[in-house]
Each structure stands twice: as C-alpha cells, then as structure tokens.
Amino acid sequence: MRYLLRRLSHALLLLAGVSVLTFLFTALAPGTYFDEMRMNPQIAPETIAALRAQYGLDKPLPLRYVSWLSSLLQGEMGFSFAYNSPVAPLLLVRARNTLLLTITSTLLAWMVALPLGIWSAERLGRLPDRLLSWGTAMLLVIPDLALALGLLVFAVRSGWFPTGGMASIDFEALSVFNKLRDLALHMILPVTALVLSTLALLVRHVRAAVADVLNAPFLLAALGHGIPKRTLLYRYALPAAANPLISLFGFSIGVLLSGSLLIEVVMSWPGLGPLLLEAILARDLYLVIGGILFSTFFLVGGNLLADLLLYWADPRIRTESNPR
Amino acid sequence: MRVRRALTRWLVVLGLLHGIVICAGFFAPYDPAEQDRKSPYLPPMRLHLLDSQGHLHAHPFVYSLKLHKGSFDQYEEDTTEAQQVKFFVSGAGYRLLGFLPSRRHLFGTENARIYLLGTDAYGRDQLSRLLFGGQVSLVAGLLGAGITLLIGLSIGAVAGYFGGWRDTLLMRLAELFMALPWLYLLFAIRAFLPLTVSPLKAFFLIIVVIGTVGWARPARLVRGVVLSAKERDFVRAARGFGATNGYLLRRHILPETSSVLLTQAAILIPQYVLAEMTLSFLGLGVPEPVPSWGNLLSSLQQYSVLVSYWWMYLPAVVIVPFFLVYLGLASSLQERGDAYKIETRSLGNLT
Amino acid sequence: MEPLLKVENLVKRYAKRSLPGTPEELLALDGVSFTIFAGTTLAVVGESGSGKSTLAACLACMESPTAGNIWFEGKEIANLEERARRQVRPQIQLIFQDPASSLNLRWSVMEVLAEPLILQRKFSREEIDLRVTLLLERVGLSPETLKRLPIELSGGQRQRLAIARSLALEPKLLILDEALSALDCSVQAQIANLLMDLQSSLGMTYLFITHDLAMAAHLADEIAVMDRGRIVEQGPAQKILRHPEQEATRQLLAAMPRITLAPPSLEQ
C-alpha cells in the first residue's frame, strides 16, 4: 500500500513539475503571444489590453501560475483564442480520440511483440532469431514519416481504406454495427502505422529481456531438475522477466504517444496531435499548455499503471516496501 | 579484433555517406534554388545507352521530356535529340566545404537540363535539393546531438560526483524531462519561440531546441558511470597524492564515460535528424527556400502530390542508409563496451 | 621519543538513510586509541566489519572522524580543512587490497608511476623519468616494465607497482589495507619480504591492516585487535600470539590454518 501511495504522490509531483516547466517556457519566450496579435489589424488594442488584464498577464509570474493552477483544479483550463471556446472541452474530445488510437496500438503492438520476442529469445543466435533481428533492423531504420506517408499512398491507390479522418460523412446515419465498422476502417491505417513504427524496438527489447532471464543460473538449475521446457518458460522464466517487461511497457507508452502525434497529423486523425500543431501555428497559448499537460498526464498515468502492474507481479517490490 | 574491424567498416561507410553530402555542390548538377518554371513536377529522367534507333552510344545520355499531346501533366521522352551526359563539367558556382570556390560538378548536360530525380512545383532539380537538404538535416542532427551530450555530460558528472542535494535536484529535473513524450516536449519548446525567423536563425533555433530535449537519459547514464568510477581505488589513490576534484574528474572519471557517450551519440544522431525532418515537414523547422529533407517532403501534405508524383517521396527514404549505418555503429560500440569490461574483469584475476 | 602517529579516541559515525524517514546510524569506530613509533610496524587485526578500513580512511585523511584526534609528527590532522588535508595526504600513503582496481588500467606503467610526481608540480620531465626508474628498481621491477600496460602484469607485479607509486612522494607512513590478501601464498611472501627490506633501508613505518593473524605476527612489532569499532587487545606481537586475553583474539587465533603432522584417524 505504501508503495502505491508513494508512486501516486510521485506521479502528482511530476505533473505539477511539468506544469511549472511549461509555464516557465511561456515566461522565457522572446516576444509574447499578444505581440503577434497586436500585428493583426482586426483586433483592437483595447481588446488586447482587456484580454491581458483578464488573464492577469500583467501580474508577476508566480501569481499567474497560482491563479492558473487554481482554475485548473476547478476544471477550467483557460480560453482558446483561435477556436473562441474554453480549452477543456476541446481537449477532452481530442484526448479521447488519441487514447483510442494509442491504447489500441499499444495492445496490438504488445500482442505481436511479446510472442515474437520470446520465440526469438528461445532460439537465440540461431537462424530464425538472426532473420528476425535482420527484419526488425530493417523496420527500425524506416522513419515513421515514411511509413505513414507510404500507407497513405497505399490507401489512395487501392481504395480499400479511407484516407484520413475518423468517420465518414454519413456516420451519424449509420446503424450501430455499421458505425463500429466505419470506425474500425478508419482506424486501420493509423493503427498500422503506429504499430509498425514501434514494433521493431519492442521486439528487440522483449528479446533482450527474455534472453537475459533465459541465461540465468536458476533456470539452468531448474532444467537440471528435469522440469519440461514449456513449464520452464511459462512458470519460471516469464515471471522472472515480468519486471523488465513491465518497465518496458511503461517506456513503450511514451514512445507510442510521441509517435501518435506525427501519425495523427499525417493521417488526419482528430487527436491531440493536430490540435497541438494548429495551436502552435496560431500561437494559442492556453491550448498549447493544455495539450502538453494532457499528453504528460497520459504518459504519467500509463507509467503509474505500469508501477501498479509491477507491484502485483513482482513479489520483491511488495516485500521491499512492506518490511517486517 | 573482430569488433574493432566491424567498427572501422561502419565508420568508413559513414564517412563515405557523409562525404557525399558534404560535397553536395560537386555531386549536384545544379544550385538548389534554381527554378525552371516551365518544367514543374517532371518525373525522373532515365539514363540510356541505346537510343530509339538501336544505336549504342559511347556516353550515357538522357532525353528531354515534353508534354504528351493533349495533356498538361503527362510527360514523354523527346527522342529527337540525345542529351549527352558529360562528367566533371563546369556549371553553377558553389563553395566546396563552405569556402573553396569551384565550378566543377560530377556530371551535367550541355544544352538541356538533366533531372535524374525529377523536379518539384517550381521546377527545381530534386537531386540537387536532396543533396543540399542533407547538409542541413545531418548537421542539425550532429550539432543537436553534440549539445545534448554536452548538457548530459555536465549534469551527469555534477550529479554523480558531488551527490547530495545537487544529485537529487538534477535527477528530479531529469525525471521531469523524461515525463513528457519527447515529440510533445520538442513541440512545446518550439511552440514558445518565434514562428517566423530567417532560415539561418531558424536553423540554429531548432538545433538548440532539439538539443535540449534529450539530455535526461545521457545524464543518467553518465551519472551511473561517474558514481561507480568515483569509488574506484585508483581515484582514491590519486586523491592520496594530493589531487583536486577537478583533476580527478578530468583525468580519471570523465574518460570512463567515453564509451557511454559514443554509444549515445550513435543512437541520438539519427533520432535528431528525424526530429528536424518532422519539424520541417510540419512547417516548424527550416523554412523555404532552404532545402532540408523535412521540408522537401512538406508538399506531400497535398494528396494530389502524394499520389501522382512518386519521386517527391524520395527524401523520406534517403535517410534509411544513414540510419542503417548508425544502427550498426551503435551495435558495434556496445559490443566493444561489453568486451572491454569482460577483458578487464578476467585479466584482473590472473595472478 | 615522539611517536610518529598518535590516535586518541577516534569515533566515526555514518548516517545511513535506507528508507526515507528511518535514519540508521552505523558506528564504525568507537573510541580507538594507539600510537606508532617511526620505523616500526603496527598490525591492526580484526574480522570484516570491525572498522579496520574506516580507520585506514580516517588516518589517510580521506574521511574526517566524528570525534577524536590524530597527531601526525606532533601536528593535529583530524579536523583540517580540505586544502590543508591535501598537503598532508602525500605523507601518509594507502596501499589497497586489489592491485587491479588501484591502478587505472587505461594508463601505461609510466603514467601510473609519474602521476604522483606530476601532481606535486615541482619536478621536470627529466627528473620524473629518473625517479620513476629508481622507483622501479627499488621494488624489484625491471626498467622494461615501463613500456608495458598494467593489464599485462601479474598480481604480484601490480602490487609492487602500487608500492613503488606510493613511495614516489617519500611518505613517512604507509598504510597497507589488506594489501597481501588478494595474492597467492608465494607471492605474499615475496611482497612481505620486499616491505621488510624497504623498512630497514628507508626507515618506513607501516600500519598493517589484515584479518590474517599469522601474517600480522610475521610482519609486525605490535598487534592491535579490533572488534566492532574498538581495540580490545593490544601489545607486542609474540605476546598476543602466545597469551591472548580477549575472546575476539582467541577466535582469530583459532581461525589460523595450522599444519598437523598426522590426521587424527591414523593415531588410533
């Protein structure tokens, strides 16, 4: 229990720290957002002054942070100048879409990488393993940008998949089953791109972690006791590999989140990525901060989940944090 | 030994690849900014040795492209005149390695223009743009990695050597930086900097931005090395001879970090080149008209270009050989690091 | 006659924080006192964990004691600040247990030996070359060794190199922290003899830390037995061996390997 509380407080501190960091970035930026607005002749100087006062941009930085933080805790994340609407609802919709994409891709990627990595580690150094290493190396060196663009070309040329977006025009009119089918069709390309871009790295790391465990002396001793290989793998080796694998899982969430940004933009998937990009190009201060915080929140949350899994899976962690 | 030979092989290939890009002016037939408004989106020209009448030529040649009758975007070869490809021709001026003025190019044609990789919307030769764009992207990656490793080395050394509150503070800061997905962090830092700057300023700006994103992991690795090196007996012995902290760091401890730094360099450089490409592709990096592998791809954001003009896709794959070599280099470096450790351990037991 | 080294009531406490909120303290030295006269050898014998290495670190000015005094040549050195400590350190040298880790294996033998001289910054290149050759001779290594790497040397040779290096600055006191424990038996004897020769020719003073009572008896004039941070028994070497008073000493004696003439079963 103490372990979980400790990890939770650690995660919250991390989020707080990131919020401070992002706030600091805005303070250090040469030229404020409102300078760019000032150059826009359609916006009256009085509006700008009023906005500045409203957001307290004249007050010193710590005060601004505190007032922003307090409104954040009430669910208010600021106002988007470009969309002319509060930030929170914009982000929530997009965040849901990003989560959908990222979670699906994570599950899929692990469902492929785990068996492949284990299979490869069992045959370490032999031909199948070497071929797989070669394959993953080839996949690893292809940039995600090339993958995403390539899949897009394939979609257009073949006509089998929609080339972007999350829903067809007539989505609302479809039956429930067809809605799901439409969603799935739209998801196939971005998910494929995301999975392919991280698969190579995952397979390699899984293989390394499992190979390490397979080389451990205790496993050799168990083999000497006459325990059959299948049992060895599933009841002895894999539980021992759970610790590094779960840590890898936490790490993979970060990789997938980063990857999703680019893929969402290229494939027009309405997630946090394209929103963040637009916000940056439009110099929309609070939207940018909100977007970054959301992505960090997901990453930190994912890692917390990994910590929980670790607590459940690794008895050493349980005894370490609960000394007699 | 074997590892050293593999390492040398990778370094040689790396040098060759980078050499071609460094001498872009020589290998490229044209200046990357030269426009040819009459020839937008020309497909790549094919090299021939046999002409349409079946004669074998002594030199390779190309045919100029002319529009199909009745079409305004379909091209065919104009077989009336074979444009001979000459080697070591004189062409547009450039500066080799940045300061040696020269007019010599590897190849070129006399009367018409040769477009081995096609042209873009403004009729600019894609091969030349690819080569010069490589300079921008690769340098951005190299310098960015340099900055990251410098920051990571300093912070890791301070945290590991002095320990205490410095260590806690710096490692917490590192955790913060690692809590953000790196591409989001990159965008965040880029977001709060001016959007429209001159190409040169933009170039250095994104190098600094890319460089500040990834220091956390190298810093941790360096810290680990410094922590264990600090406790080694030869460091304590040197202290016994009157060594100061600065001496110990400089002569004994930091040299131990060299292998970690090199391996990190081999991993970071391709990542950072990709970061520059991503930023420039989305319009946040190096702006037109300066070519970079990223902004060469930005026209692909329009479907019409993506689908019809396949040669505009090439900058996305040109990085693949570079990545391969860096990957091989990183593997060899790690093997070498492991081998050295095993060596010292086993020989330490010989009495 | 003034002792070279006088230690009075040395205390060293370490604060360990394994889990946040539960500070543990480790009492490594609990009031240690002894004196060493120039030209003699004191052996400090004890099991692991008795505080011997902490004692060595404090005496060599690598750590500061929590309480107590150390007088070296009449001057108090336990509570000096860093700059003054750096002046004292060259005169009290430490030789470590593992010859492989006490030398930077990336350096050549020449660099290893020259390091202390270069750090002192008062010697020219030629002087350093000369001194290095002399040092090698003194420890019984051939000048050929200069060209080799420490990796290529045997354990015994490396330990000779370590001794040579520590002699470079002409220290008054040499602290040998289990310096022979990692060597083969025959090599131990060779190095021990070297040390004895150096003592008689240079008038070196040794503080010999070990867990091996037999070795201590062979090399030392006086023996001090340490147990859990305290000196429990102290006296001339032969007296300790023959008439041990404390339990700890008796246990150390019992641990010494002895050669019996015939296995017990044959006596029946």
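Author: Strand 3 of chain C (residues 41-45) is largely enclosed by the rest of the structure, because five of its five residues are buried. Buried means that 20 or more other C-beta atoms lie within 10 Å of a residue's own; exposed means 12 or fewer, partly exposed lies in between, and C-beta atoms are placed from the backbone. Strands (E, at least two residues) and helices (H or I, at least four) are DSSP runs, numbered from the N terminus.

This is a predicted model: local features need pLDDT of at least 70, side-chain atom pairs count only at pLDDT 80 or more, and totals for chains, interfaces and linings use all residues. Residues are numbered from 1 along each chain as its sequence is written, while chains are lettered from A and ligands numbered from 1 in the order in which they are written.

Now the two faces. In a regular strand the side chains alternate between the two faces of the sheet. On one side of strand 3 of chain C sit Thr41(C), Ala43(C) and Val45(C). On the other sit Leu42(C) and Val44(C). Both faces are covered.

Next, the partners. Two strands pair if DSSP finds at least two bridges between them. Strand 3 of chain C is joined to strand 8 of chain C (residues 205-210) by five bridges, and the two run parallel. There, Val44(C) has Ile209(C) as its bridge partner. Strand 9 of chain C (residues 222-227) also runs parallel to strand 3 of chain C, with four bridges between them. In strand 9 of chain C, Val225(C) stands opposite Val45(C).

Look at the core as well. A nonpolar core is a set of buried Ala, Val, Leu, Ile, Met, Phe, Trp, Tyr and Cys residues joined through C-beta atoms within 7 Å. The largest one has 239 residues. Ile175(C), Leu207(C) and Phe208(C) are among those with the most contacts inside it, as are Ala148(A) and Leu186(B). Two residues are in contact if their C-beta atoms, placed from the backbone, lie within 7 Å. Beyond neighbours within four places in sequence, Ala148(A) touches Ala193(A), Leu262(A), Ile263(A), Val266(A) and Met267(A).

Chain C also meets chain B. That contact takes 28 residues from chain C and 18 from chain B. On the chain B side, helix 8 (233-240) and helix 13 (314-348) each supply at least two residues. Helix 8 of chain B gives the largest share, seven residues. The chain B side divides into eight nonpolar, six polar and four charged residues. Here Ala, Val, Leu, Ile, Met, Phe, Trp, Tyr, Cys and Pro count as nonpolar, Asp, Glu, Lys and Arg as charged, and the others, Gly among them, as polar. Chains A and C share no contact; their closest C-alpha atoms lie 9 Å apart. Of the two pairs of chains in contact, chains A and B share the most contacts.

For contrast in pairing sense, turn to chain B. An open sheet there has three strands in the order 1-2-3, with antiparallel pairing. Its edge strands, strand 1 (48-50) and strand 3 (75-84) of chain B, each pair on one side only. Strand 2 of chain B (residues 56-67) pairs with strand 3 of chain B over seven bridges. Val62(B) stands opposite Gln83(B) in strand 3 of chain B.
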